Amino acid sequence: MKRRYFVPIMLVACFLVLGLILASPSQAAKLYGKKVKIGAIYSISGVCAEWGMAAKIGGDIAVEEINAAGGIGGVPIEVTWYDAACKAGPAIPIANKLVSQDKVLVVNGPCQSSICEVIFPKLDRLKLVLVSFCSSKPGLSALSPWGFRNTLTSDKQLDPAVRKWKEKYNIKTAVILYNSEDAVSTVEGKKILPVLFEKYGIKLLKMYTFQTQTLDFSPYMTEIKALNPDGIGIGSCYEQGAKLMIEARRQGIKAMPIGGACNSTPGLIEIGGDAVEGYYGSTAAWIVGNPDPRMVKFLKEFTSRSPGGRMPPYSGPRSYDNMYIIKKIMEEEGVTNKPGDLQKDREKIRKGWEKLTNYPGISGVTTMDEVGDGKGGVMTLVVAGGEFVLK
Amino acid sequence: MILQQLINGLMLGATYSLVAIGYTLIFGVLGLLHFAHGEVLMAGAFMGLYIIMWSGLPLYIALPLAMVATGVLGIIIDVLAIRPLKKDFHLAPLLSTIGVTIILQNLAVKLFGGYGTRFPEAIETVNYKVGPLLISSTNILILGVSLFLMVVLYFFITKTKVGKAMRTVAESHTTAGLLGVNVDWIVLLTFGIASALAGTAGVMIGIVFHAITPFIGLTFALKGLVVMLIGGLGNVVGAMIGGLILGMAEVFSIVLLPTEINLQDIFSFGIMIIILIFKPTGLFGTRVTQG
C-alpha cells in the first residue's frame, strides 16, 4: 500500500469502527469504574426462606449472565446482599448500610409485604430504589416514590381468577380460610376475596383463620363439610393450601379451591397432588408448564442450583427479571457509576423504574403503574393433569 | 359432627403426646428443658423422608433407622452442648439448647431448603367410615404408636434395672453416683432414648400431615412444653394425657369460638394457665419437698 493512501484509509476505518460502536446498543454508554454495585435483600433464613433462596438463585443467574455478556455498560455487576431472615426488624439497618456504607446504586428486594410495609416509608429519607420481587399486598408502593414492586398486587391478580373460577364451576356459595399471621394472606382472605365474591354473586358462608404453623386442618374441614360450600377461597401460601385441600378431599368435600399468588406455586402441586386438581389461582409468574424457552432455560439452570432440585416460587423468575430491568434502566438512563454521581444515578434509576413500560421478562410483561406496582398481564392458572395451565 | 371433632382432637392430641413423651423423659431425669427437642424431631422427620425417598425402604425399616439416627444426634447434643457446661450455672444448659435449636434449624434450611416438602406415602392411607364418622389408618397408627411407646417407656422406667437407675439419677446425681450408678452413661442413654422418640414423632408427623419444613421443630417444642406443664413435668403418663387435652382444646377452639380471629393458641394456653392455677404441679405432677 502506498503511504499517501494509508492515512485516509485508516481514518475511514476508524470512523467506520466508531460508527459501529455508537450504533451497537450493547456498547452504549460505557460506565465508569470496575464494578457496578447493586444491593440485594434476600431472606435465606426464617420462615419465608424458600422465597428468599429462590430470589437469590434467580438474581445470581441473571447477574452471571449479564456479567458474562460484558456487564452493564461494559462494567461487571457486584452484588452486596444481606439476609433479612424474613423479619422486618433487620431490614431497616440493612437498608441504611446499603445506602451509606456499601453505596449501592439500587436494591433488588426485599420479598415480604410485611418487610416492605416497614421499610418503604423510610425510603424518602434514604433516597434509594428498592424493588420487591414478590410482595403483593395492595397499597405498599404508594408509601414512597422510591419503593417499587415487580409484581401485581393481589387485588389485580385475583379478580379475573375469581370470575373464571365462578364461571367454570358455577360457584354459588363459598367459605374462606386464610393465614392470619401472614400480611398478604390476611389481605387476600379478609379483604380481597370477600369483595370479589360479592362482586360475582358468590355467597360467603363463613371465614376461618389459621396460623403459619397449623398442621392439622381436620377440625376446619369437619366444620366446612357441614356447610357444603361450592368453593373454598384460600388466603395462604402453598404448603397450607395443599394440606387443607388434602384434608378436604379426605373428608369427601367436593368444593373447588381458589387462591392467590403465594399459593399458586409449584409446591402446591408437589405437596397437594390430586387433591389440588382443578384449583384456580392467580400468579405473578407462570412457572411449571410454561413453554416459553426462556423460562424452560431458566428453570433448568435454577433446579441445578436449588436444594433438592426444587422448582422456584415466583420470586425466582421475578428476581431474575429485576436484574435485567436494572441493567436496561442503567444503560438507558445514562447512569455514570462515578462515585460523585451516586445520588444522581440513584435518582436516574428511580425515574427509569417509574416509566418502565412493557418490559418482556420471563415472568411476563412488566409495566409500572402510577404508584410503582407492576400492572402487566394478569395470569390465571389452573391445575390440570398435575401441572399449571394458563387460562 | 361433635363426635367427629372429638376424634379429630384425639388424633391431634396423640401427636402432641408422642412429642411430649421424649421431652418429659429428659426433664424427668435431668431437670433440663431440652429446647432443641423440637429440632431433633424435625431432623428425624427429614431423616425418615430421605431414607424412604432414596432407599425406598418400607416404613417398618425406615422408622427404626430414623430413630437410631436421631438417638445418635441426641447423644451428640449432650456430649457437645450440655456436658461441657458448668453444673452450677443452671440457666446454661437451657440457653445452650436454644443455641442448638438455632444451629439445627439453619443447618436444615441450608441442606433441605426452606421449603415445605411432601412426605412420601410410606403407608397406604385408608379412610374407615363408621356411620358418619371418618378415621384414617394414619391417625390410628399415630395413636397406636403413642400408646405403645408410652406403655413401653413406662415399664422400662419402672420395671427395668436401667429404668431404676434413671429414676435414681432423677432424684440426685450425687446419690446415684454413690450407689454405683454410672451417671454419665445414664444421662447419655436418656438423651439417646428421648431423641429416638422425637425421631419417631417426626416421621409420624410427616406421614399424618403430608409435608414437613425445617420450621416444624419450634412449633412442637412449644406444644411439647405446654403438654408437659399440663401433664406434670417429668411424668410420662401425664405427657400422654396432657397431649390429648391440648389436642382437644385446639380442636374445640375452632368449634366453639368465633373463627374470624385465630383464638386457638389463646384458648389452649388459657386452659394450661387455668390448670396450673389450680394444680401448679400439673395434672399428674407431684410436689417435691427438699429438706
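Let me start with one residue. A:Ala85 counts as partly exposed, because 17 C-beta neighbours lie inside 10 Å. The cut-offs: buried is 20 or more other C-beta atoms within 10 Å, exposed is 12 or fewer, partly exposed is in between, with C-beta atoms placed from the backbone.

Some ground rules. This is a predicted model, where local features need pLDDT of at least 70 and side-chain atom pairs count only at pLDDT 80 or more, while totals for chains, interfaces and linings use all residues. Residues are numbered from 1 along each chain as its sequence is written, and chains are lettered from A and ligands numbered from 1 in the order in which they are written.

Back to A:Ala85. Its phi is near 55°, a positive value in a residue other than glycine. A:Ala85 sits in the loop between strand S2 (77-82) and helix H3 (91-100) of chain A. Helices here are DSSP runs of H or I, at least four residues, and strands are runs of E, at least two, numbered from the N terminus.

Next, A:Asn358. Its phi is also positive, about 50°, and it is not a glycine. The loop is the one between helix H13 (342-354) and strand S11 (359-361) of chain A. A:Asn358 is exposed, with 8 other C-beta atoms within 10 Å.

One peptide bond to flag. From A:Gly109 to A:Pro110 it is cis, with omega near 0°. A:Pro110 falls in the loop between strand S3 (107-108) and helix H4 (113-119) of chain A. For context, most residues other than glycine have a negative phi, and most peptide bonds are trans.

Now the interface. 34 residues of chain A are in contact with 30 residues of chain B. Contact means C-beta atoms, placed from the backbone, within 7 Å. Which element supplies the largest share of the chain A side? It is H8(A), with six residues.

H2(A) is worth a look. 15 of its 20 residues are buried, so H2(A) is largely enclosed by the rest of the structure. Just after H2(A), A:Gly70 takes a positive phi of about 110°.

Last, chain B. The axes of helix H2 (residues 37-55) and helix H4 (residues 91-112) of chain B come within 9 Å and cross at roughly 25°. Axes are lines fitted to C-alpha atoms, for helices over the stretch in contact, and angles run from 0 to 180 degrees between N-to-C directions. H2(B) and H4(B) are therefore roughly parallel, a label for angles under 35 degrees.

Technical notes. Two residues are in contact if their C-beta atoms, placed from the backbone, lie within 7 Å. Angles under 35 degrees count as roughly parallel, over 145 as roughly antiparallel, 65 to 115 as roughly perpendicular and the rest as oblique.
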